[in-house]
Amino acid sequence: MESIEKTIDESKQGEVLVLESNPNKNSKKLYLESYGCAMNFSDSEVVASILEKNGYSTTRNIDESDLILLNTCSIRDKAEQTVRKRLTTFKKMKKAKPGLMVGVLGCMAERLKNALLEEEKLVDLVVGPDAYRDLPNLLHKTEGGQKSVNVLLSREETYADISPVRLDQTGVTAFISITRGCDNMCSFCVVPFTRGRERSRNPLTIVAEARDLFDRGYREVTLLGQNVDSYRWNMSSKGEVKDPNIPTTNFAQLMEMVGQVNPKLRVRFSTSHPKDMGDDVLEVIAKYENICDYIHLPVQSGNSEVLKKMNRGYTREWYLNRIEAIKRILPEATISTDIITGFCGETEEQHQDTLSLMEEVKFSAAYMYKYSERPKTLAERKYEDNVPEEVKQRRLTEVIEVQHKHQLEYFKGEIGKTYEVLVERVSKKSEDEFMGRNSQSSSCIFPKGNYKIGDYVNVKIIDCTKATLIAEIVEEVRS
Ligand code: 5AD
Ligand code: SF4
């Protein structure tokens, strides 16, 4: 999927998150690692919930586990290689501990089921992103000594009724999936093949989940989807009403519904798509203080011809028009993006267009990648992956350098400003400091004072590093 919030995002692609809920002494132990995007992380919480009802509790200690599950990512080749290496390690563990089961979940499941189960004999269980309800049944089979697999994709599954076990330890921020799958068919992207057709989740279950999280002390929710702007409930893709007795809901309306849950519940969303993001969404963000002034709007390339080959559905001019709309309607908002360098046939001039677009927009953050050809995609079938590796790398380095320059300029411009931040966790560098983000999603580090995790704090930016804003407490606003 498209890149996600900074807290757990595509920049961590391939980075592992070991997940743990409340351990229960009497249950079997599940060790769950999640790779890739926030959608995978969110799915892992659904998996933990399904398995908790079937006698498993999660553990961070792999040595005590009875079942190891890897929620995998296929977006770039590197992500797949990381998982394969990990599976080889687990294979050795299985030898030492008979009865230990290993399963692969998520995006690699469909693509690699035969290789993983048979050729390489690395796993006992392969389960695709729409088949998690079948996990208890599949595990039962595996316990009986059979290898089991279900990689069927669904047109309906949204896990709407499953209340995810929250695996994030802070208890302040949470993800809520609002759509699954993707119908966009960007030519470089494997997601439509691994996660299937796009479908939206019942808005009432989304609002109920947000309300429940707030009641349990959470103060921020991020609405997740591959393309949140195409969220629609009770409407066909052509906009026709399906059931006249039920109200229709689009993304702007859904955000308004979630925004109204409580003014102290922050709302974020990811990922927006430039071709679908309308002014109505921006106007809702402007109307609600608790809907955050931060938009992740992947551009991928600054050249219209490349964008056409990427099948992105917009031109450079269209993208810049959307940026203009954001700056007009939400003057305080920050904008981040995703960029791919060295896509099939990309010329030096076309690469320069990406750099010049970056100069025009000045993104506050960016997730930048070299093109990695993925099997089955339109690009793999239609275009030659003909930009040499060293050119891809050099262009990526240039893009990263420009981004770092802009980021530093942006940070320096923030010095002296005051923001309300939500305290998310203790700083990684110092026990005496907190990390909190402002509405614009910039991380601020500041002394703890008398505050606690989950509080809203007013801070003044006094300095910056390359990656964060340094702040001091001004006064308490609300808690
Ligand atoms: N190669 C490189 N980057 C890719 N992305 C998606 N597919 C590929 C690929 N084949 C990037 C896009 C997308 C982000 C999540 O990952 O920039 O927005
Ligand atoms: Fe995002 Fe395009 Fe991939 Fe869909 S096909 S997940 S919109 S990059």
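A crossing of two helices is called left-handed if the near helix is turned anticlockwise from the far one by less than a right angle, and right-handed if clockwise. Helices here are DSSP runs of H or I with at least four residues, strands are E runs of at least two, and both are numbered from the N terminus. By that convention, helix 10 goes past helix 11 in a right-handed crossing. This is a predicted model, where local features need pLDDT of at least 70 and side-chain atom pairs count only at pLDDT 80 or more, while totals for chains, interfaces and linings use all residues. Residues are numbered from 1 along each chain as its sequence is written, and side-chain values use heavy atoms, leaving out hydrogens and water.

The axes of helix 10 (residues 316-329) and helix 11 (residues 348-361) come within 11 Å and cross at roughly 15°; axes are lines fitted to C-alpha atoms, for helices over the stretch in contact, with angles from 0 to 180 degrees between N-to-C directions. The two helices are therefore roughly parallel, a label for angles under 35 degrees. Contact (heavy atoms within 4.5 Å) involves, among others, Tyr319, Leu320 and Ile323 of helix 10 and Ser356 and Leu357 of helix 11.

An open three-stranded sheet runs in the order 15-16-17 with parallel pairing, where pairing takes at least two DSSP bridges between two strands. Strand 15 (294-296) and strand 17 (365-370) sit at the edges, each pairing on one side only. Three bridges link strand 15 to strand 16 (residues 334-341), and histidine 296 has serine 336 of strand 16 as its bridge partner.

Technical notes. Chains are lettered from A and ligands numbered from 1 in the order in which they are written. Angles under 35 degrees count as roughly parallel, over 145 as roughly antiparallel, 65 to 115 as roughly perpendicular and the rest as oblique.
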